[in-house]
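Grab a pencil and work through these exercises with the model open beside you. Try each task before you read the solution.

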Amino acid sequence: MSKFHSAVTRRDFMKGLGLAGAGIGTAAAVSPLYRDLDEMIGSKTAQWKRPWWVKELELEEPTTEIDWDMVERFDARYSAHSPAEVCRFVGLDEYNRVRALSNAKQDMLDNKPGSTLRDNALNIGAGTGQYMSGYKTDYVFPAAGTCCGSFSVYWTGQKGVATPESMGVPKWSGTPEENTQMVRAAMRFFGATDVSVGELNERTKKFVSTYPQGGDVKYLDNWPPPDTYIKKIVFEDVDQGYSTDTKYVIPNKPLYCITYTVPMSKDLFRTGPGSQLRSAANISRYRLRAAIDTCTKGFLTALGYQGLEEPYPCFPSQAGAVLDGLAKMGRNSNVCISPEYGSVHGYFDIITDLPMAPTHPIDAGIFRFCHTCHKCADECPAKCIDQGSEPTWDFPASMYKPEMPVDYHAPGKRLFWNDPIACQMYSNSVAGACGVCMATCTFNTNGASMIHDVVKATLAKTSLLNGFLWNADKAFGYGLVEGDEKEKFWEIGLPAYGFDTTVGSTVGGY
Ligand code: SF4
Ligand code: SF4
């Protein structure tokens, strides 16, 4: 059986059609577009998965007729997306009269369904993402009539995003519970697959990094780098967050930390260490995060609140994920595991002053399972994941090396530790880095099968079957793919982004 995405065998396929044992003639009768299954599997239509009733034509031309002698290149300034072009036909007065028929401000003040402040904020947030790459435009947001100009991403959001003040309406006011539900809906729409919330209080502030990660080897002999190279993160008695050339400032006021999940392609992670396909899956989460972060900050700004995030990590999102219920720690202290998405995903965070109802930590039997499952530690090429039977407060003596720097483990957590220097050194030795622990994790299963839900429900209740489940995982053949099988990515049809975005949808039909 192919390990690169759990493929249905031809026999299973025939059984599914109720044709096991039937001849090719029978198969052809129910599948009139193909003479046999080989032809179907090998056809372009099969690689490009279309509904069965979409028929690939042999013709060069579409069914819409074209007279190529009449076709010429078109000057798109004359398209109806150019307001000037519309006005050339209808006149400026008529154009302005029609535009005045909709009154976005009044709709917001009237709480008109579909056009409330939060609905407008969603639209504004969704639109701000398109300026991430420095794209310049004179597009006018319909709700605010605010010219966007050019945008630049920064600590507190983006310049030029409409605010309730600029739109002439009061800022958003909802209960903390409503706000958590609203932000989850908005962020899932922007691309985050799950969202949790924690209060940034005196305890959790201890997780806020003093500096984000970074540090080029040019500072090896003159450590630490100057604050102009990596800005420090500080709290100040101010109302609004801001940043300078040397610091990111978080206000001392009630704040909430939104942590969100960005899955990655489980299949591409299975292509293993050194694979650029795996690297592409890994790096994608930062690209997706850029859009989610930008849109969410635009959304919060349009509601009248702050969203703070630029350096990584500000609030280490793995901490947020575990504290606020998105995930559980894995055996590797560098990895946490989501009940819904397994081990192959990333977490990010945004700090906001929008009052929100915190979410709570979870138990799904995952960390308990890790006590007896050592698969990632066994598979780790650098052997840098703790093999102990119980988590420890301190770095385990069995892994301690005298030359280890003492300051790269943040204490105060009882974990199975990993040695990140050994991990980095191995990853640096294989272009495209490693990720074997995440790829081979027993929880890196494709989610569509109901059997996985049964398995997860079982281990959430009891650890008695852990050994059996680990063996079953091995028997199903999950793990890395080898050799040419890695290149099957180019032939199979993964979901958009390489992962299943329907997880967590409460709407039927997806
Ligand atoms: S990324 Fe690779 S080297 Fe690092 S802990 Fe995971 S398996 Fe080990
Ligand atoms: S492979 Fe096993 S021990 Fe490692 S993180 Fe996954 S479930 Fe835990």
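**Exercise 1. How many helices and strands does the secondary structure of the chain come to?**

Before you start, know that this is a predicted model, in which local features need pLDDT of at least 70 and side-chain atom pairs count only at pLDDT 80 or more, while totals for chains, interfaces and linings use all residues. Residues are numbered from 1 along each chain as its sequence is written, chains are lettered from A and ligands numbered from 1 in the order in which they are written, and side-chain values use heavy atoms, leaving out hydrogens and water.

Step 1: Count them up, and you get 19 helices and eleven strands.

**Exercise 2. Work out which residues come nearest to ligand 1, and sort its shell by class.**

Step 1: Collect the residues with a heavy atom within 4 Å of the ligand. There are 13 around ligand 1, and Cys-380, Cys-423, Cys-434, Gly-435 and Cys-437 come nearest.
Step 2: Look for the helices involved: helix 16 (420-429) and helix 17 (436-440) each supply at least two residues of this shell.
Step 3: Sort by class, with Ala, Val, Leu, Ile, Met, Phe, Trp, Tyr, Cys and Pro as nonpolar, Asp, Glu, Lys and Arg as charged, and the others, Gly among them, as polar. That gives ten nonpolar, three polar and no charged residues.

**Exercise 3. Do the class count for ligand 2.**

Step 1: The residues around ligand 2 include Arg-331, Lys-375, Cys-370 and Thr-442.
Step 2: Helix 14 (366-372) and helix 15 (375-379) each supply at least two residues here.
Step 3: The shell divides into seven nonpolar, one polar and two charged residues.

**Exercise 4. Is Glu-485 buried or exposed?**

Step 1: Find Glu-485 in the segment after helix 19 (466-476).
Step 2: Recall the cut-offs: buried is under 20% relative accessible area, exposed is over 50%, and partly exposed is in between, using a 1.4 Å probe and protein chains only.
Step 3: Glu-485 has 19% relative accessibility, so it counts as buried.

**Exercise 5. What percentage of the 510 residues in the chain is buried?**

Step 1: Apply the buried cut-off from Exercise 4 to the whole chain.
Step 2: Buried residues make up 43% of the 510.

Notes:
Helix = DSSP H or I, 4+ residues; strand = E, 2+ residues; numbered from the N terminus.
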